[in-house]
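Colleague: I am new to this structure. Please take one part of it, the pairing of charged side chains, and go through it closely, then place it in its surroundings.

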Amino acid sequence: MLSFILSKLNLLIFVTAIFAIVAFFSFVLVKIVTTNELNLLLDRVKTKSEALVNSPSYCDSTFYYFPPELRVSGDAFFYTVKISQQETEVNGQDLRYLIFSAFSRRDKEFANALAANSLKTDADIVIFSSEPLIRILDEEEGAIIDPQARPPLNAIGLVKEIVGGKATLYIVPCLVEAN
């Protein structure tokens, strides 16, 4: 009788351990898929920006529309995108990085980026933003795209111009109504 009880107890411990392992890996898998979706979103923005900057035209523009949410494993994930720039000098040439960073909408301090992508260019970069949405983080100025805000900033306008042989890329966050 005692051996029967112990075998059932061992089976219960085994089943509980298997359930804990499966639950842990499914939770981690959702985080990995969310990060991958954010990376794909930022890669599409970077690709569109890079195509505009490298186009041979003297004046060109395009828009990128951000989806209101990401759907991961049947749940809605709300995010914000921070657009910033950083300047550096390489071999005597000034280069600028246009940085797109994605954060959870709950992260109001922009402390933990879930995904990031950057574009390296020698063009000047000007990022416009309306006053309430400008964030200054460590002397870094940038714009915040928040598709869930009221009113939502759910698109960016990208405008490129070349004046005197020097390219300038303007980035303007804007509101695009649904439909």
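Modeller: A residue is called buried when its relative accessible area is under 20%, exposed when that area is over 50%, and partly exposed in between. The model is a predicted one, and the terms above are used for each residue below.

Side chains of opposite charge can pair when their charged atoms come close. A search of the whole structure finds four salt bridges. The account starts with one of them, formed by aspartate 146 and arginine 105, whose closest N and O atoms are 2.9 Å apart. Aspartate 146 has a relative accessible area of 11%, which is under the 20% limit, so aspartate 146 is buried. Arginine 105 is at 26% and therefore counts as partly exposed.

Another salt bridge joins the side chains of aspartate 124 and arginine 96, at 3.1 Å from N to O. Here too the pair links distant parts of the chain: aspartate 124 belongs to strand β7 (residues 124-127) and arginine 96 to strand β5 (residues 93-104), 28 residues apart. Arginine 96 has a relative accessibility of 9%, so arginine 96 counts as buried. Aspartate 124, at 26%, counts as partly exposed.

A further salt bridge connects lysine 46 with glutamate 50, and the closest N and O atoms of this pair are 3.9 Å apart. A salt bridge is counted when a side-chain nitrogen of Lys or Arg lies within 4 Å of a carboxyl oxygen of Asp or Glu, which is why a pair at 3.9 Å is included. Both residues lie in helix α1, four residues apart, or about one turn of the helix. Lysine 46 is buried, with 18% relative accessible area, whereas glutamate 50 is partly exposed at 30%.

The C-alpha atom of threonine 47 is 8.5 Å from that of leucine 119, although 72 residues separate them along the chain.

At 52% relative accessibility, phenylalanine 25 counts as exposed. Phe25 is one of the residues of a nonpolar surface patch of about 800 Å². Leu11, Phe14, Val15, Ile18, Ile21, Val22 and Phe24 make up this patch together with Phe25.

The largest pocket has a volume of about 420 Å³. It is lined by 15 residues, and those closest to its centre are Lys31, Thr34, Ala76, Phe77 and Arg106. α1 (2-53) and β3 (75-77) each supply at least two residues of this lining, and α1 gives the most, with five residues. By type, the lining residues divide into seven nonpolar, four polar and four charged.

In short, helix α1 holds the pair of lysine 46 and glutamate 50, and α1 gives the most to the lining of the largest pocket. The pair of aspartate 146 and arginine 105 has 2.9 Å between its closest N and O atoms.

Definitions and conventions. Residues are numbered from 1 along each chain as its sequence is written. This is a predicted model: local features need pLDDT of at least 70, side-chain atom pairs count only at pLDDT 80 or more; totals for chains, interfaces and linings use all residues. Side-chain values use heavy atoms; hydrogens and water are left out. On a 1 Å grid over the protein atoms alone, a cavity is a set of points where a 1.4 Å probe fits but cannot get out, and a pocket is an open set with protein on both sides within 12 Å along at least five of seven lines; lining residues have an atom within 4 Å of a point. Grid points are joined across faces, edges and corners, and a volume is the space filled by probe spheres set on the points. Ala, Val, Leu, Ile, Met, Phe, Trp, Tyr, Cys and Pro count as nonpolar, Asp, Glu, Lys and Arg as charged, and the others, Gly among them, as polar. Patches are made of residues with over 30% relative accessible area and no salt bridge: like charges are joined within 9 Å, nonpolar side chains (Val, Leu, Ile, Met, Phe, Trp, Tyr) within 5 Å. Accessible areas come from the Shrake-Rupley method with a 1.4 Å probe; for residues, only the protein chains shown count as cover. Buried means under 20% relative accessible area, exposed over 50%, partly exposed in between (1.4 Å probe, protein chains only).
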